[in-house]
Amino acid sequence: MQDRQERWKLAESGIAWEIVGSAGLPHDDHVELSGRRVSAIIRYGVDDKRRLILSREVIWPTLRLKRDDVRGYLRRTWGNEIIPPIRIEGIPLVPGPVREVRLWEGRLTITHGPLDGIIVQRHLFPCEDESVLLERWSVINFSDAPVGLECVTEEDTETVACYDGDVVVSTKIIEGMSLLVRPGEFGNITLAFAAHKKNATSKAINVPDEAIFRARRWKALSEKLVLTTPDPVLNRAFEFAKWRAAESLFHTKMGLVHSPGGGRYYGGVWANDQAEYANPLFGYLGDALCHEASVSCYERFATEINSAFRALPSSFEVEGDVLWYGCGDRGDAAMIASGASRYALARGEKEVAEKLWPLIVWCLEFCRRKTDERGIVLSDTDELEGRFLTGEANLSTSCLAYDGYKRAADLAGELGHTELAEQYRAAAEVLELAIEKHFGAEVEGFTTYRYYEANTTLRAWICLPLALLPPAPSSQPWEEREREGELGEVFSPSANPASAGLGGGLGRRESPRRDGTIAALLSPQLWTADGLATESGDTVFWDRATLYGLRGLFAAGATEVALEKLTAYTHRRLLGEHVPYAVEAHPEGNQAHLSAESALYCRILTEGLFGIVPRGLEHFDVTPRLPDGWSEMSLTLEGFGGRWEIQVSRVAGEVKTDVRRV
C-alpha cells in the first residue's frame, strides 16, 4: 500500500481530478450517489482525446419488476447519447474537452472547455426526497457577447409493468428552456431522470431548491462528528466516509432504513451492514434521520424474536416483505447484540434503550443456547456467507458475542437489570477464555488465531480479537521492531508513553496473542496493496476486514504502523484510481461503494484512534493513540446525552486528554 501515484487531489469541499493533455488517459471510474427514493451509479471516464464517457445507472429501490425478487429493482441506464439538446444561436452546443472532474458536497461535477468562449459544467446529484436524478448543465459565457440558449423540451417516456402496477420512466428537460447568458454569467439547463407510478401525479421539481437541499444536508453532516488531525487527507476521507454512510437512507414500508447500495442492496436491512457496522457509528453522529433508520432496523429484527429461539433472518429485503435465511445462521444474533448494545449506549436515551432491550436480551440468550461444551458460540457460517470455509464455529461469531455480552452488561446496569449485568459480565469472561483456548493457535508460523477448528491458513478476521477484546493499556504503547526469523513486524512494550487515555483499557492485561496477530496481519501472506486479503494465498479482498483490522491495530497500541497503513489505504481510496470511498470487495461486485463500509472507515478513527468504548447512556471510555508525529488531534461527537469534544495534545513530551461537554 505504498503506491502514492495519485490521480486526484484535495479541493474545496471535496477532491478534484485535473486533466491536462493526455497524461494518464484513458481512465474511467464509478461512484454512487443516493437520495431517499433513488440511487445512481455514475460511470464516468475520459478517453485519450479528453472526450467524456458517461453512463447513469439509476435505481429505484421501491419500484420492483417482480414481487419477491430481492434484486429486482427497477433500473435504467442512460449513456453518452442522452444529453440536453442545447442550441447556442441555433447551433448545437458541443462541450469542449474535459478539463476537470470533481466530487464535492454529495455531487459529481464535470467541467468541459473552454470551446468557442463557452465552458460547460455538468452537475449530477439525486433529489433528496424524490425519485429523480438530476443532471444540471451550467453554461458559462466567457466570450465578449451575450449568447442565447435554447433547448427542446420533448419528454422521452417508457411505461414499465411492475408487480403492483405500471410505472412511467422518463427523461426530460425541467429547467432553462430558453436563456440569454451575458458575458461572465451562466445559465442552467437541467435534465431529469425520473420514475413514478402511472396512477400517481409526478411532483414538479424545483432544481435550485434541490441543489440547496443537497448542499444543506452535506453541511449539516459536516458539522457533526467532526475529526480534526494534522493530516488533511485523513480529515477529508473521514468527512466523505461519514457522508456516504449517512446518505444511503431509503423510504420503505418499514420506515426509513439504511441500506448498503452498490447496485444490489436497497430497501432492506442486514444484520451485519446495518445492525453491526453502520448503526453504532450513527450513535455518535447525532443525526435525526440516521437515528430513525437505526431504530427501524432493530425494530424490524425484533419482530422475529421467538420463544423457540429459531435463528433470526440475516436480512429483511423487498421493504421487509422477504425474510432471507439463505445461509442459515451467520452469527446474526451476535452481530445484532453487539451493534444494538453499542448503539443504545451511544444514543444516550433511556427510552430508546428500553425499546431495543428485549431484542438484545433475546440475541444473547440465542448465543448462550448456541454455546457448546468448549464454551464457544456455534454458527453455520459468517458474514461472507460460505464464500470461505468457517467450520461449525468461527472466530467472528464468538468475538461478536463477547462484545455483545460486554456492552449489554453496561446497558443492563443503566436500565436497572443488575442481575443480568452480572450474568453478562461473567459470560464475557468465560467466552474470552474459551476464545483463547479454542481459537488460539500457531498458524503459518505465527502465534495467532485459527479461524475455525480445521483452519491451517491465515485469515483476515484474526483481527477481531484486537478490535473487540480488551484493548492494550494506553500507558504501554507498542513500537515496531524486527523479530529474528520469518515473523516479519511485531511489537514490544515501550518504556516511554506516547499516548494517554481515560478509562477503557487502563490497567487491563495484554492479549497473550497480540504480538503474533499483529505480525500475521502485517505479513506478506495477508497484507496487500488493497489491505487484508481474506485468506493467505488468495487475491480476494473485502474492505470490511481491512477496516476492522486497522481499528484493531490502533486498539492494540500499534499506533505508528496502524497510522502508516491507514494513511496508505486512505490515499489509495480517496485519491487513487477508484475513489472516493471504501469498497465492498474484489473481484466480487466490481468494488462497489457499499455505504456500511464507509461507516466502518469512520470507526477506525472513533473506536481505534480515539479508543471510544460506550459504557453508559451518559459516559464512555477513551483510550486515544496520539501518533508520534502529531502534536494534537480532536473529535467532536453527539451522543451519550450531549455534545462532546475530545482533545488530545502533546505538551512537554506528555500526552494530555481533555474530554468535555460543549
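Predicted model: local features only at pLDDT ≥ 70, side-chain atom pairs only at ≥ 80, totals over all residues.
Trainee: What do the side chains of K197 and D164 form where they meet?

Mentor: In general, a salt bridge is assigned when a side-chain nitrogen of Lys or Arg comes within 4 Å of a carboxyl oxygen of Asp or Glu. Here K197 and D164 form such a salt bridge, with 3.2 Å from N to O. K197 belongs to strand β17 (residues 186-197), while D164 sits in the loop between β14 (156-162) and β15 (165-175), so the contact ties together parts that lie 33 residues apart in sequence.

Trainee: How many salt bridges does a search of the whole structure find?

Mentor: The search finds 58. One of them joins R36 and D129, whose closest N and O atoms are 3.7 Å apart. This pair links distant parts of the chain, with R36 in the loop between β3 (27-34) and β4, D129 in the loop between β11 (118-126) and β12 (132-141), and 93 residues separating them. R36 is buried, because its relative accessible area is 15%, whereas D129 is partly exposed at 31%.

Trainee: Which residue forms a salt bridge with E128?

Mentor: The partner of E128 is R214, and their closest N and O atoms are 2.7 Å apart. E128 is in the loop between β11 and β12 and R214 is in helix α1 (residues 207-222), so this pair ties together parts 86 residues apart in sequence. E128 and R214 are both buried.

Trainee: Turning to strands, in which sense do β4 and β5 pair?

Mentor: Strand pairing is read from the bridges between two strands, at least two being needed. Strand β4 (residues 39-46) pairs with β5 in the antiparallel sense over 8 bridges, and V46 stands opposite L52 in β5. The two strands form a hairpin with 5 residues between them, and R50 in the turn has a positive phi of about 65 degrees. β5 is also joined by 6 bridges to strand β6 (residues 73-78), again in an antiparallel arrangement, where R56 has W78 as its bridge partner.

Trainee: How many of the residues in strand β5 are buried?

Mentor: Strand β5 (residues 52-64) is mostly covered, with 11 of its 13 residues buried.

Terms used
Residues numbered from 1 in each chain as written. Heavy atoms only, no water. Buried < 20%, exposed > 50% of the residue type's maximum accessible area, 1.4 Å probe, protein only. Helix = DSSP H or I, 4+ residues; strand = E, 2+ residues; numbered from the N terminus.
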